[in-house]
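Here are my notes for someone opening this one for the first time. Have a look at the picture, then read on.

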Amino acid sequence: MSADLKYWYLHNHKLFRNLSFKEINTLCILKKFKKSSKSEILELPESDKPRVYFLKKGMMKLMKINEAGDEVLVDIIKKGDLFGELSLEKNKKEHEYFKVISETAILCTFYQDNLERLMLSKPDFAIKYIKYVGFNFKKIQNNYNNIFFKDAKSRLILLLENIIDDKIESQTTCSVENYLTQNDLANLICTSRQTVSGLLKELEKEEVVKYSQKEIFILNAKKFQKYAENVK
């Protein structure tokens, strides 16, 4: 893999857009550009030096093992997501790992202390990074607020909106490839699989969403957007 191609992976992300080739090359661990296949398990390496990760291509599930020893779905990591030690704190994490759910995934990683040095030398980049992290913490806070203060149907609609993302804009119908089981959806909105199953049937009866193992289909984009706006 050429250095130019590695550089493009990071440079394509808006957070790194104004960095020079030298700065990207200093930041990046070139050996850690990893291409993975569907169903492959990726473990975060244990190290005294925390890392930051960037998903260039594909989609992954972030999983963890709970105290009972069961697998729990924590989040969905999508193309363009920056993740890992984003807070610049050296706290020890719970055992977490990733499972590739798209056909392929390309993941790159760099050391947090390299990022800190770059931030000291480029205040404009530091401000962008702080804003980016702040936005992600706000998203996490909103997710917790949804769990505590919204009913299961509202939480499911907001989750589906996040999965569909920008594909719904100016369309009457749209669909995305489905990588999530009903049990996955239930984990993400903190309810039971039976509840999710009932809600999906209800949304299909209302001609808003149709769920299958292969795809999530928005039957009426305008109606779906109205549902999402009403529950925010």
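Predicted model: local features only at pLDDT ≥ 70, side-chain atom pairs only at ≥ 80, totals over all residues.

1. Residues are numbered from 1 along each chain as its sequence is written, and side-chain values use heavy atoms, with hydrogens and water left out.

2. On confidence, the protein averages a pLDDT (the predictor's confidence in each residue, from 0 to 100) of 79, and 76% of the residues score at least 70. The lowest spot is helix α1 (residues 3–11), with a mean of 54, while helix α7 (residues 193–205) is highest at 96. Helices (H or I, at least four residues) and strands (E, at least two) are DSSP runs, numbered from the N terminus.

3. Now find the open sheet of 4 strands, ordered β1-β8-β3-β6 and paired antiparallel; two strands pair if DSSP finds at least two bridges between them. β1 (34–37) and β6 (82–84) are at the edges with a single partner strand each, so one side of each has no neighbour in the sheet. From one strand to the next, the twist averages 35 degrees; angles run from 0 to 180 degrees between N-to-C directions, and axes are lines fitted to C-alpha atoms, for helices over the stretch in contact.

4. Staying there, β1 and strand β8 (residues 104–111) are antiparallel partners over 4 bridges, and Ser-37 sits opposite Thr-104 in β8. Helix α3 (residues 112–121) packs on this sheet, touching β3 (51–57) and β8, and its direction makes about 65 degrees with that of β8. Contact here means heavy atoms within 4.5 Å.

5. Another open sheet has 3 strands in the order β9-β11-β10, again with antiparallel pairing. Its edge strands, β9 (174–177) and β10 (209–211), each pair on one side only. β9 is joined to strand β11 (residues 215–218) by 4 bridges, with Phe-217 in β11 as the bridge partner of Ser-175. α5 lies across β9, β10 and β11, at about 105 degrees to β11.

6. How do α5 and α8 cross? The axes of helix α5 (residues 152–164) and helix α8 (residues 221–231) come within 9 Å and cross at roughly 120 degrees. That makes α5 oblique to α8 (under 35 degrees is roughly parallel, over 145 roughly antiparallel, 65 to 115 roughly perpendicular, and the rest oblique). Residues meeting at this contact include Ile-157 and Leu-160 in α5, and Phe-224 and Tyr-227 in α8.
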